[in-house]
Amino acid sequence: MAAITAPPHPPLAVFSAVPCRGLRFRRAPLIRVAASSSSSSASFSSSSSSSYGTGGSSGAGGGGEIHYVSPPPPPTTPPGAPVYVTLPADAVGPGGRVARRRAMAASLAALASAGVTGVAVELWWGLVERGCPGEYDWAGYLDLAAMARRYGLRVRAILAFHQCGAGPQDPFWVPLPQWVLEEMEKMPDLSYTDRYQRRNKEYISLGCDILPLLKGRSPMQAYSDFMRSFRDAFKDYLGGIVTEVQVGMGPGGELRYPSCPTEKLNQPGSSSELGEFQCYDKFMQASLNARARILGIQEWGDGGPAGIDDTRQNPEETNFFRADGGCWNTPYGRFFLEWYSGMLLLHGERLCAVADAIFSGTGVAISGKVSGIHWHYYTCSHPSELTAGYYNTLLRDGYLPIAQMFSRHKTALCYSCFDLRDAERSNSQSSPEGTLRQLMAAAKICNLPLNGENSVTRLDDTSLSQVIRSSRLYSGGTSGTSFSFNYVRMNKSLFEFHNWNRFTKFVRKMSDARTFLARLNFRRRHQRPPSMSVVWVVSRACAYT
């Protein structure tokens, strides 16, 4: 079996086989019709959390059919979804100051006039702590927060512990702090490493999370010190202006391994990337070996999976990922993938626990991002998800454990792909919509707030309509879950006439009409000068390059 053309989407009952503590689920009322003299009871068979089950079958006995009737919708109007806009990556420049300040102010005023709730901004580790360990420069970001407050915008702060850009040739290049790179030069195993011994310096290897290798501090201690410094510096903004902190958890700020370099993810043809397992630095190898020893199978702890062969080929041509007889579905494959994905979950758990403790009582929500890797979703093994650390296959749900981990620490989940359609895919094995539906199901089970994002920066009607359709799958229902959308990202083309017109209409469709009008009225009363026209603001914002 080379590939699966359209695997059935697992029913919600399958996901609920793994309970989430402290959660209550409403049952729909039952109506029994065509009752007969003999009664029968309906039962559901639950499958294990590591495999997808099949739908239930109807019983042959009497007692009539049982129909599930959804409760009537609430009389109140659904609140809609607030829209945020991610600022350019270089909103604060290499010198630690707001770049193009006048154009930035005009852009923020334009966003406020459009009814946008707030902005998202990356706070780069490589800029803030660039000089020496423990010395933080927040001046540029504090200035940006003050500008957002002036225009009545909220701020979603993204603590970016990863590098920005592919190299010094990029227009905006922010590596990890120089003192971190110096330690990586002394000890190359601080970097993620694949089987070819290629080092990736986008993010520090999670294998050394708790080892004091950064001038006496562990990476986890460095991250927590950064968070505390941010909390103390922004204490006057927390809860009012800065309402959410998204904690960077890996390359691109996402909870994943750098199985495929971040700059390749947005390139044409990236759908053929199977990715490489990032488990060959000495710290990851030591953890794998220790796990194998505990289970009494020491031979499984040497090296990593064999039979992957190359990063750009058909998974059916590999011994590990092929559907029939692939190593991924053998005892060794399950052992390795459980360890590999478990290490990623442990890394996320540590960061969520630290953030929850540091920001407790500040009125700030915590969130983390999961990568939208969908290009092998219609295969049995989902190879690109496996190498990224998501143990998600035809037989196992890999996103529910992540959602449960976020739920334990009251962390919202951020996910992209809201703008992508299966009809636009270049690869029949890909399914961005299927991946999104599965992740939404996991988030709903754990009652997680969900922050949606677009994967491609574009403003055509097809893309924006798809965002609205995808968003309504999660927002406006009766489950009590909250949803917001983050448009990635602000650039010069956003303020061009046709694009701006589409964007403002999009914001209005996403937001509840009453909330939208109230937000505009509030800003009109508080902005200065009050006579500033939207047309003038947008024309000034177009100067942003």
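Arginine 217, at 14% relative accessibility, counts as buried (buried means under 20% relative accessible area, exposed over 50%, and partly exposed in between, with a 1.4 Å probe and protein chains only). The side chain of arginine 217 meets that of aspartate 225 in a salt bridge, with 2.8 Å from N to O, a salt bridge being a side-chain nitrogen of Lys or Arg within 4 Å of a carboxyl oxygen of Asp or Glu. Aspartate 225 counts as partly exposed, at 26% relative accessibility. Salt bridges that share partners join Glu129, Arg217, Asp225 and Arg228 into one network. The model is a predicted one, in which local features need pLDDT of at least 70 and side-chain atom pairs count only at pLDDT 80 or more, whereas totals for chains, interfaces and linings use all residues. Residues are numbered from 1 along each chain as its sequence is written, and side-chain values use heavy atoms, with hydrogens and water left out.

The structure holds 26 salt bridges. Among them is the pair of glutamate 244 and arginine 156, whose side chains meet at 3.3 Å, N to O. Because glutamate 244 lies in strand S8 (residues 242–247) and arginine 156 in strand S5, this pair ties together parts that are 88 residues apart in sequence; helices (H or I, at least four residues) and strands (E, at least two) are DSSP runs, numbered from the N terminus. Both glutamate 244 and arginine 156 are buried. A further salt bridge is formed by the side chains of aspartate 137 and arginine 97, at 3.4 Å from N to O. This pair links distant parts of the chain, with aspartate 137 in the loop between helix H3 (125–128) and H4 and arginine 97 in the loop between S3 and H2, 40 residues apart. Aspartate 137 is partly exposed at 22% relative accessibility, and arginine 97 is likewise partly exposed, with a relative accessible area of 48%.

Over the whole chain, the secondary structure comes to 16 helices and twelve strands, and buried residues make up 54% of the 545 residues. Of the contacts between residues at least 6 apart in sequence, 79% join residues at least 24 apart, where contact means heavy atoms within 4.5 Å. The chain exposes about 24,000 Å², of which carbon and sulfur atoms supply 53%, the areas coming from the Shrake-Rupley method with a 1.4 Å probe.

Three cavities of 30 Å³ or more are counted, a cavity being a set of points, on a 1 Å grid over the protein atoms alone, where a 1.4 Å probe fits but cannot get out, and its lining residues having an atom within 4 Å of a point. The largest cavity holds about 70 Å³ of space, and strand S4 (118–124), helix H4 (139–150) and strand S5 (154–160) each give two or more residues to its lining. Lining residues of the largest cavity include Leu87, Tyr141, Phe230 and Phe234, and the lining divides into eleven nonpolar, no polar and no charged residues (Ala, Val, Leu, Ile, Met, Phe, Trp, Tyr, Cys and Pro count as nonpolar, Asp, Glu, Lys and Arg as charged, and the others, Gly among them, as polar).

Most residues other than glycine have a negative phi, and most peptide bonds are trans. Arginine 100, in the loop between strand S3 (83–86) and helix H2 (101–113), has a positive phi of about 50° and is partly exposed at 31% relative accessibility. The peptide bond from valine 488 to arginine 489 is cis, with omega near -5°.

Methods
On a 1 Å grid over the protein atoms alone, a cavity is a set of points where a 1.4 Å probe fits but cannot get out, and a pocket is an open set with protein on both sides within 12 Å along at least five of seven lines; lining residues have an atom within 4 Å of a point. Grid points are joined across faces, edges and corners, and a volume is the space filled by probe spheres set on the points.
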